[in-house]
Amino acid sequence: MPSQRFYRLSEEKQSLIWKASMKEFTSVPYEKVSINKIIREAGISRGSFYTYFEDKKDLLSFLLEDTKRKWKETYLGCLRKADGDVFSAMEEMLESAVEFCRNNNIFRLHKNLIMYPDHMIIECMEKDFEEEVGEDFVNLVDRSRLKDGSTGGVLLLLKMCVICMIACVAEYYKNPEKGEVIKAEYKKALRVLCYGAYRVPQKDQVEEKADE
């Protein structure tokens with residue numbers, strides 16, 4: 001991860017390095033990523049680069065972690081705006097997720113990394129979003145309308161919602177012209193998660209009431 005010297009840079013300089021790095025990592029496979037191209041694009045020296053990062057693997061780890069941090073901040077912002085309503089937050093999050101992935105070419109980045117056999121990179125990519133959001137998410141959720149308001153139940157709900165959202169963002173990325181159709185399908189999927197797919201048989205309704 002970046003050294004403290006990197007974090008002492010101005011936000012503008014950090015942003016230049018971030019953008020130059022993302023441009024290179026989304027342009028070519030990992031093994032062809034050029035530090036020289038990144039430093040030229042960012043306007044820094046090679047010596048300066050190595051005071052900020054150990055190598056390109058260290059830089060990639062930073063990019064992936066920083067991307068997750070931005071996703072987390074965006075999602076928690078949507079949840080606050082929705083007063084803890086998970087499904088309202090997820091509806092709004094789709095718009096933000098599509099825009100973020102499109103502006104930063106996130107899917108191309110993952111495509112360029114997916115075949116690279118380095119376990120550190122794969123582990124970094126596969127860290128669970130549920131784990132990343134964790135306690136912050138649980139504390140913001142309005143559990144009053146949930147059947148299972150336990151921490152485990154809330155995190156499971158988050159995981160299912162995020163899987164649904166990522167699938168829709170990926171579809172949008174492949175077929176942007178179908179944006180409105182994809183959004184409509186996403187809302188349907190959220191309704192299934194919210195209300196369930198099966199009608200509850202009468203005998204099960206009686207049992208549910210007995211359990212309450």
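Predicted model: local features only at pLDDT ≥ 70, side-chain atom pairs only at ≥ 80, totals over all residues.

Student: What is used to describe two packed helices?

Tutor: Two packed helices are described by the angle between their axes and by the distance between those axes. Here, the axes of helix α2, residues 11-25, and helix α3, residues 35-42, come within 8 Å and cross at roughly 140°. That makes α2 oblique to α3, since angles over 145 degrees would be needed for roughly antiparallel. The crossing in which α2 passes α3 is right-handed.

Student: Which residues in α2 and α3 meet?

Tutor: From α2 come Lys 13, Leu 16, Ile 17, Ala 20, Ser 21, Lys 23, Glu 24 and Phe 25, and in α3 they meet Lys 37, Ile 38, Glu 41 and Ala 42. Sorted by class, this contact has 6 nonpolar, 1 polar and 5 charged residues.

Student: Is Ile 17 buried or exposed?

Tutor: Ile 17, whose place is in helix α2, counts as buried because its relative accessibility is 1%, and buried means under 20%. Beyond its neighbours within four places in sequence, Ile 17 is in contact with Phe 6, Leu 9, Ala 42, Ile 44, Tyr 52 and Phe 53.

Student: And what is Phe 25 in contact with, leaving aside its neighbours within four places in sequence?

Tutor: The contacts of Phe 25 include Tyr 30, Val 33, Ile 38, Leu 59 and Leu 109, and Phe 25 is buried, with a relative accessible area of 1%. Phe 25 and Ile 106 are 81 residues apart in sequence, yet their C-alpha atoms are 9.9 Å apart in space.

Note on methods
Residues numbered from 1 in each chain as written. Heavy atoms only, no water. Axes fitted to C-alpha atoms, helices over the stretch in contact; angles between N-to-C directions. Helix = DSSP H or I, 4+ residues; strand = E, 2+ residues; numbered from the N terminus. Parallel < 35°, antiparallel > 145°, perpendicular 65-115°, else oblique. Left-handed = near helix turned anticlockwise from the far one by under 90°. Contact = heavy atoms within 4.5 Å. Nonpolar A, V, L, I, M, F, W, Y, C, P; charged D, E, K, R; others polar. Buried < 20%, exposed > 50% of the residue type's maximum accessible area, 1.4 Å probe, protein only.
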